[in-house]
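Please look through the report below on one protein chain. It is written for a reader who is new to structural terms.

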Amino acid sequence: VTLDVNIETTLVEEIKRRQIAEAQLHDLEQLFEQRITERTEALRQSEQLHRVAFDLAPAGMAYADAADHFTKVNETMCEITGYTEAELLGMTCAELTFPEDLARHNQLLEEFQSGRAPKYSNEKRYVRKDGSIRWVATSISLVTDSKGTPLHSIRVVRDITERRATTDALRLASSAMEATANAVFITDIEGIIQYVNPAFTNMCGYSSAEAIGQTARLVRSGVHDLDFYKQLWGTILAGGIWRGRTVNRHRNGRNYVSEQTITPVKDAQGMITNFISVQQDITLQKQAEDRLRVSEICYRRLFEAAHDGVLLLNPDTCKITDANPFMTTLLGYPRAQLLGKELFEIGLLKDEVASQEMFEKLKTDQQVRYENLPLETTDGRHQEVEVVANVYDEDGHAVIQCNIRDITVRKLAEDILR
């Protein structure tokens, strides 16, 4: 009986252990199923996200096989190349590459696929389906299995045509500023110098290292007052272009005169970010202008104070353009009545034919001299005059100057002596 009881007890305990084991196994199976389900869902979501990211990527995306044939492309890749998805599948990247860029593409691709280069990254040109050219930045990544064997490659292609155009334009502008004979410097909104070209150094004596970080006060001469600079800054801060002459100081202490233009630079929002100043040294020109002005003043004083009559005429029209005070007194005409008349109209030559003859002689001989010409004034007085006419150049234009001397008294004295 005792043996039977022990056997029964052992069986019961074994049954309980099996039941517990079966329950634990069931729990494990449920846990595994749950984890498999979760991982499957995660993988599905990951694949879905990858597919969405691939399809909607702002860059061109493409899968390619070991022979470099496209096996999958996104919409952006189609937009960049101009081909449909069906047309791109089976094509190679080499078929899209501009002929002059093909050798470099093949070299980089071979180095990457052989493992000699850690990555493929290249800027090159694509030929679109319509024949137009687009610049692209391309990078390639390899997808491998667990053993490292390449399965396929993923390409990322970005259209950089506009960026290249901007970069080329900036490079060209920079080269132009470096080469121009005019001094150029660029400041920020506060007037801090950020760039100077070689011509700036030649003009003011300060190197790029000395000028950058300083303000334009670096070359101030002290000639201009505060109101001058207030007007200048008021113009450019309002978005206007300032043009004018400034007297600046060279590094060696001498002053020089420059013709200057300051232009505001605005960002996409219309905010002023920089100022570009272009200057030309006109010191020699200014000195020449000053000498000319002094010369003109001296000439005008001689013209006004001369004790001979002086007439200026236009060779093309044969008309008087100016007359000095002595001439108006000699003739009795106000200056305004003399202007625009020909010589025969004021009684200096007998008629229009004589006037034309004088002008023709001036064209060939550049000078004409008349002695003992009779002249009748507005009040009927008869006088004898000596006329010397010359042609000279004034700022590239021919001008005739007639000097008329009253010789009436001299002629009377000669007649008495005779």
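The report covers strands, salt bridges, backbone angles and a charged surface patch.

The model is predicted, so local features are given only at pLDDT of at least 70 and side-chain atom pairs only at pLDDT 80 or more, while totals for chains, interfaces and linings use all residues. Residues are numbered from 1 along each chain as its sequence is written, and side-chain values use heavy atoms, with hydrogens and water left out.

**Paired strands**

Helices (H or I, at least four residues) and strands (E, at least two) are DSSP runs, numbered from the N terminus. Two strands are said to pair if DSSP finds at least two bridges between them.

Strand β13 covers residues 367-376 and pairs with β14 in the antiparallel sense, over eight bridges. Within this pairing, Pro-374 is placed opposite Glu-384 of β14. The two strands form a hairpin with five residues between them, and Gly-380 in the turn has a positive phi of about 90°.

Strand β14 (residues 382-394) also pairs with β15 in the antiparallel sense, here over 10 bridges. Glu-394 has His-397 in β15 as its bridge partner. In the hairpin of β14 and β15, two residues lie between the strands, and Asp-395 takes a positive phi near 55°.

Strand β15 (residues 397-406) is antiparallel to β11 (residues 309-314) as well, and five bridges join them. One of the contacts links Leu-312 to its bridge partner Gln-401 in β15.

**Salt bridges**

A salt bridge is a side-chain nitrogen of Lys or Arg within 4 Å of a carboxyl oxygen of Asp or Glu. The whole structure holds 18 salt bridges. Three of them are listed here.

| Side chains | N to O distance |
|---|---|
| Arg-155 and Asp-68 | 2.2 Å |
| Arg-134 and Asp-159 | 3.0 Å |
| Glu-162 and Arg-134 | 3.1 Å |

The salt bridge of Arg-155 with Asp-68 has a distance of 2.2 Å, N to O. This pair links distant parts of the chain, with Arg-155 in strand β5 (residues 150-159) and Asp-68 in the loop between β1 (60-64) and β2 (70-73), 87 residues apart. For accessibility, buried means under 20% relative accessible area, exposed means over 50%, and partly exposed is in between (1.4 Å probe, protein chains only). Both Arg-155 and Asp-68 are buried.

Arg-134 forms a salt bridge with Asp-159. Here too the pair links distant parts of the chain: Arg-134 is in strand β4 (residues 133-144) and Asp-159 is in strand β5, 25 residues apart. Why does Arg-134 count as partly exposed? Its relative accessibility is 21%, and the range for this class lies between the cut-offs for buried and exposed. Asp-159 is partly exposed because its relative accessible area is 31%.

Arg-134 also meets the side chain of Glu-162 in a salt bridge. That pair joins distant parts of the chain, from Glu-162 in helix α6 (residues 161-179) to Arg-134 in strand β4, 28 residues apart. Elsewhere, salt bridges that share partners join Glu-100, Asp-101 and Arg-125 into one network.

Arg-134 can also be set against Thr-97: the two are 37 residues apart in sequence and 9.9 Å apart in space, C-alpha to C-alpha.

Asp-68 counts as buried because its relative accessibility is 7%.

Gln-366 is not a glycine either, yet it has a positive phi of about 65°. Gln-366 lies in the loop between α13 (352-365) and β13. With a relative accessible area of 39%, Gln-366 is partly exposed.

**A negative patch**

Patches are made of residues with over 30% relative accessible area and no salt bridge; like charges are joined within 9 Å, and nonpolar side chains (Val, Leu, Ile, Met, Phe, Trp, Tyr) within 5 Å. Which residues gather in a patch of negative charge on the surface? They are Asp-55, Glu-75, Glu-79 and Glu-85. Among them, Glu-85 lies in helix α3 (residues 85-88). Glu-85 is partly exposed, with a relative accessible area of 43%.

Terms used
Areas by Shrake-Rupley, 256 points an atom, 1.4 Å probe, with all protein chains shown as cover. Lys, Arg positive; Asp, Glu negative; His and termini not counted. Charge placed at Lys NZ, Arg CZ, Asp CG, Glu CD.
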